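Dear colleague,

I am handing over the structure we spoke about, and you will find it directly below. My notes on what was found in it follow, and I would be glad if you read them beside the coordinates.

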Amino acid sequence: MKYKSQKVAKLYFIAAIGLFVGQILFGLIIGAQYIWGDFLFPEIPFNVARMVHTNLLIVWLLFGFMGAAYYLVPEEAETDLVMPWLANLMFWIFLTAGAATILGYLLVPYAQLAELTKNELLPTMGREFLEQPTITKIGIVIVALSFLANIGLTILKGRKTVINLVLLMGMTGLAVFFLFAFYNPVNVVLDKYYWWWVVHLWVEGVWELILGSILAFILIKTTGVDREVIEKWLYVIIAMVLITGIIGTGHHYYWIGTPAFWQWWGSIFSAMEPIPFFMMTVFAFNMVNKRRRNHPNKAAVLWALGTAVMAFLGAGVWGFLHTLSPVNYYTHGTQITAAHGHMAFYGAYVMIVLAMISYAMPMLRGREAANSTKSQVLEMWGFWLMTISIVFITLFLTGAGILQVYLQRFADNPMPFMVVQEKIQLFYALREIAGFIFLSGLLIYIVSFFVGSKEPEATIEGEVVPT
Amino acid sequence: MTGMEKNRWPPGDLVIWIFIMAELLVFGVFFTAYAFTRAHNVELFDTYQLTLDRNAALINTLALITSSYFVVRAVADIRADDSRGCFRWLLAALGMGLLFLVVKGLEYKHHFSLGIDLSTNTFYMFYLSLTFFHFLHVVLGMVILLAVALKARKGGYSAAEHTGVETGASYWHMVDLVWMILFPLVYVMR
Amino acid sequence: MAQAFTKAMARNIFYGGTAFFFLLFLALTFQTHSALPELDNRNALTGPQGEMIAKGKQVWEENDCIGCHTLLGEGAYFAPELGNVYKRFGSTDAIKGFIASRPKDGVPGRRSMPQFNLSEEELTAIAEFLKYVSEIKTARNWPPNTQG
């Protein structure tokens, strides 16, 4: 660890993992509710458990992104963070506000939470992923602005590498697009149109800049490949992200009362959204193949490669499967959507945060470059268990979705929603089993932090013969 | 990398070819979608195609072909180390590009004054989408050519190193090529 | 150095491409706004009826209906699509009756909708809101059939 201020990242990473566990526990609750409909009803109805699951996901990923930035920006800029005290302060504010919000969801009926937090002054609650009380949302903006100031001033002061600039652009975009969460018109079509300016332009837009820059950083550090090469390809990849993804927003504008031209524009451009993910996969494997050194942190390299592959499969391939409007007409708002969503989020964003933690945490805890072999082996077990189980979760939900689409949307005598849900129960049961295996992978992953800490670091076995 | 090898292939930088391929992919898909949709709506397309101004399209075709020729001359000049000549040919190409934009702009003005937009019918949706998307590429191509022209004027290129000129020229030719397909497909074919 | 030049070009393509497509997106957004008045049933949002619908959207949001249901296909996938429930149930009374009659402790062993204890006004409001949504002109008349 080259700069003392990088240390602030450690708290962010710990919080991220803690909230990740919470997310999965609630995921298992709602997965169980899909099977036993009245599980925990009425104390924790499905929608409450779901908002806890999704909000925890988003918040822990934000903690992860910020931790990643606080770690890599000083190193890239070759100067300490300008205000480490602010990073620490914001950590506690964000964590407290987040915890209070989650407790609010769980302890109080949602309508009452809306009243308590004076939602009526500026109503922003009650929309998917944006369930937070308005005051929490304002808090998020403040935390984001402080973060941007901290990172931005640090970059201004130091070396303005491409990685730093792309990360800064991504995080600035994240903050700017979040502002659309405050726009909540009565007109439902307008409401939905601009809601996607938060969600799509985040996960299929600026978040990919964050993903790309973190991936590039990890690859530079672990492969020793020339920065010029990596940074050039980072620009090419993010160019393709925005070139395809901006108009690609149109694939959310097929059926919500927006004009029909979006079926063409949205289909054509969103069909190309897998391209940058494909490039990322080729890029990551190429860099590792062309590496000039072996790095002792094999786990981090595994996470990095895994991220590229799973992001391509989950976001790219599974996204493509239902992005064309003639297909989407039948699959819109079904378990197909859930299947894609889970693998996309895990592959792209969960994995890149875990990759960064894998790379940085050993050094934040005093190692030179990597954990002991014992620790890394356990961590890699965690990687495989989580990754394979998410593939199965996705496959089971895809199965559920295909059957649902056929019975409810396509068949000559379509069946009611609840009847169809009954018929696809088997898939939900299988999904829940996979979910428990995912949890076991996550627990093993956490154990890996506590095992082998007394053992010596893993070492490099010999230099790579330059090609 | 010691400089320009004679007649390197592909000319210009590899990166630009990735983007050119992506561009051609989008246009290709749009054209295919047009052809497919037309096959299912022949009467509609034939009817509304008649409302298009073929003379304007012809002028535009000639403008783009001429501009591409000028760009070829510009590249030839810089290969012969003539920066001034290169600059002047590029200016001429830009002039033709401007003519294209003006003519197309007048066509759009006419359509919009009649209340025609992307939601009027499927033919107009395709016509406006395809031509506007292309229009924007002409604008972008001109921005690129202008940047190259200004650099040439300042002596930034030579016979030994003029990758930028080749790259800009390739992009412009792509824009021209797209129009060569678009024009007969949308304006002429019945 | 040709290599550095290439990175600069990739950078320019990134900035140029992003600006290009963002402008195009704005143009398409402008076109969308022009087309919406014919599609989004905004006439219903005027007058006292409009106020009732606004109240209904508020009730919808404050009870997080989207947390279980989809509305025009967006939301959670635990409970039925409600964009066309007005057509499926046939009347605002039917919708009101359904919501009001949810048992407090649910139906044993089955997915249950909470009892929200809505007032008569709130029930009317949310039913009117759902009627308004059902009259939005979605492309190809989505959803494909009455089941949602």
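**Chain B against chain C**

In this contact (heavy atoms within 4.5 Å), 17 residues come from chain B and 13 residues from chain C. Please note that this is a predicted model, in which local features need pLDDT of at least 70 and side-chain atom pairs count only at pLDDT 80 or more, while totals for chains, interfaces and linings use all residues. Residues are numbered from 1 along each chain as its sequence is written, chains are lettered from A and ligands numbered from 1 in the order in which they are written, and side-chain values use heavy atoms, with hydrogens and water left out.

Between them, chain B and chain C bury about 1300 Å² (buried area being the accessible area, with a 1.4 Å probe, that two parts lose on being put together, summed over both), and 82% of it is on carbon and sulfur atoms. On the side of chain B that touches chain C, the elements giving two or more residues are helix H1 (14-40), helix H5 (122-153) and helix H6 (163-188) of chain B, where helices (H or I, at least four residues) and strands (E, at least two) are DSSP runs, numbered from the N terminus. H5(B) gives the most to that side, with six residues.

**Chain C against chain A**

Here 71 residues of chain C are in contact with 82 residues of chain A, and the area buried between the two chains is about 6700 Å², with carbon and sulfur atoms giving 66%. The rule finds four salt bridges across this interface; A:Glu228 forms a salt bridge with C:Lys7, with the closest N and O atoms 3.1 Å apart. Polar contacts between chain C and chain A come to 28 residue pairs, both residues at pLDDT 80 or more. On the side of chain C that touches chain A, H1(C) gives the most, with 22 residues.

**Local features**

A:Ala370, in the loop between helix H13 (335-364) and helix H14 (373-410) of chain A, counts as buried at 0% relative accessibility (buried means under 20% relative accessible area, exposed over 50%, partly exposed in between, with a 1.4 Å probe and protein chains only). Leaving aside neighbours within four places in sequence, A:Ala370 is in contact with A:Pro296, A:Asn297, A:Pro362, A:Gln376 and A:Glu457.

Most residues other than glycine have a negative phi, and most peptide bonds are trans. The peptide bond from A:Phe41 to A:Pro42 is cis, with omega near 0°, and the bond from C:Trp142 to C:Pro143 is cis as well, with omega near 5°. A:Lys118, not a glycine, has a positive phi of about 55° and is partly exposed, with a relative accessible area of 48%. C:Arg140, in the segment after H5 of chain C, also has a positive phi of about 55° without being a glycine.

With best regards

Terms used
A salt bridge is a side-chain nitrogen of Lys or Arg within 4 Å of a carboxyl oxygen of Asp or Glu. A polar contact is a pair of N or O atoms within 3.5 Å; within protein, one must be able to donate a hydrogen and the other to accept it, and residues adjacent in sequence count only if both atoms are side-chain atoms.
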